[in-house]
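Have a look at it first, then read on.

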Amino acid sequence: MTELLEHTQPLIDEPATIEKVAIVVSKGSLEGIYPALILANGARMEGIEADLFFTFFGLDAIRRDRYGKIKVATVGNPGMHMATWLGAMPGFSALATWMMKRQMEKIDIPPIPEFIELVHDSGVHLFACKASVDMFGLTSDDFVPQVEDIISVGRFYEQAAGGQIIFT
Amino acid sequence: MTTTLIADPLVDVDAEGFLTNPEQWNEQIAEAIAADNGVAELTDRHWLVVRFMRDRYLRTGNAPSIRALGKESGVPVKELYELFPKGPAKLAAKIGGIPKPKGCI
């Protein structure tokens, strides 16, 4: 018995490292998409494999007609620290988005279309969720060319095997 | 901080092997660090990236982001990852004898 237990101990006490991540993007707001892109890019910069799986409104981040128009959610977002009626004023979300983008440009964070290209060129694989694509009545023509495929949940798990899954 | 013999002379490095004093760097050290980190041979394209990183750091006190590296070094992002598969910014900084880049991008 003692012998058996000893064998379950790791032979060398190496610090744990992450080798692979799969990031699920389910939200279509600026604050829903950026963290995922930063995590994916940051993973590649550390030599970690990374996949991005876009589902539900997260699909906006890879839709040709929408990915250049992603906005900050100014309504129903307690992080904005403002009255809901103010966030709902016409043009307010556009203004908040403009201010945030300007701030990001200062610290060298690219706009979403350029960021999608950057992570793709860095070796991140981009996938669209089949159930969401069908639900919204979309086809592969609706997506930017960096999207590798439209895949089922089953294929997503196959693709993510052996790595960590992050949901944003 | 420790000192280590990568190539002559002894250099100061941090826990991850990044030089802490860029002035101690030379090309032999760069080649030795590269070989230690899975880059068997430094081609002209590797040198272009390494020198760009180093020059930018020495000039501004900051290593460039991967975005700036891809736009301004003359080597596009795709090729950067072919040259340095385990992370271009990090590895080029290490080979170039400058501290590890601190930015998130």
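In which sense do strand β2 and strand β3 of chain A pair, and over how many bridges? They run parallel: residues 49–54 (β2) and residues 125–129 (β3) of chain A are joined over 4 bridges. Strands here are DSSP runs of E with at least two residues, helices are runs of H or I with at least four, and both are numbered from the N terminus. Two strands count as paired if DSSP finds at least two bridges between them.

Before going further, some housekeeping. This is a predicted model, where local features need pLDDT of at least 70, side-chain atom pairs count only at pLDDT 80 or more, and totals for chains, interfaces and linings use all residues. Residues are numbered from 1 along each chain as its sequence is written, while chains are lettered from A and ligands numbered from 1 in the order in which they are written.

**The sheet in chain A**

Back to that pair: A:Phe53 sits opposite A:Phe127 in β3(A). The whole sheet is open and parallel, with 5 strands in the order β4-β3-β2-β1-β5 (chain A). β4 (147–151) and β5 (164–167) of chain A are at the edges with a single partner strand each, so one side of each has no neighbour in the sheet. From one strand to the next, the twist averages 25°. α2(A) packs on this sheet, touching β1 (20–25), β2 and β5 of chain A, and its direction makes about 165° with that of β1(A). Axes are lines fitted to C-alpha atoms, for helices over the stretch in contact, and angles run from 0 to 180 degrees between N-to-C directions.

**Where the chains meet**

Chain A puts 13 residues into the contact and chain B 15 residues; residues touch if their C-beta atoms, placed from the backbone, lie within 7 Å. On the chain A side, α2 (30–45) and α5 (112–121) each supply at least two residues, and α2(A) gives the most, with 4 residues.

**Chain B**

Chain B has 5 helices and 2 strands, following the pattern β-β-α-α-α-α-α along the sequence. A few overall values:

| Property of chain B | Value |
|---|---|
| Box filled by the C-alpha atoms, along the principal axes | roughly 35 × 30 × 20 Å |
| Contacts with a separation of 6 or more that join residues 24 or more positions apart | 52% |

Terms used:
Contact = placed C-beta atoms within 7 Å.
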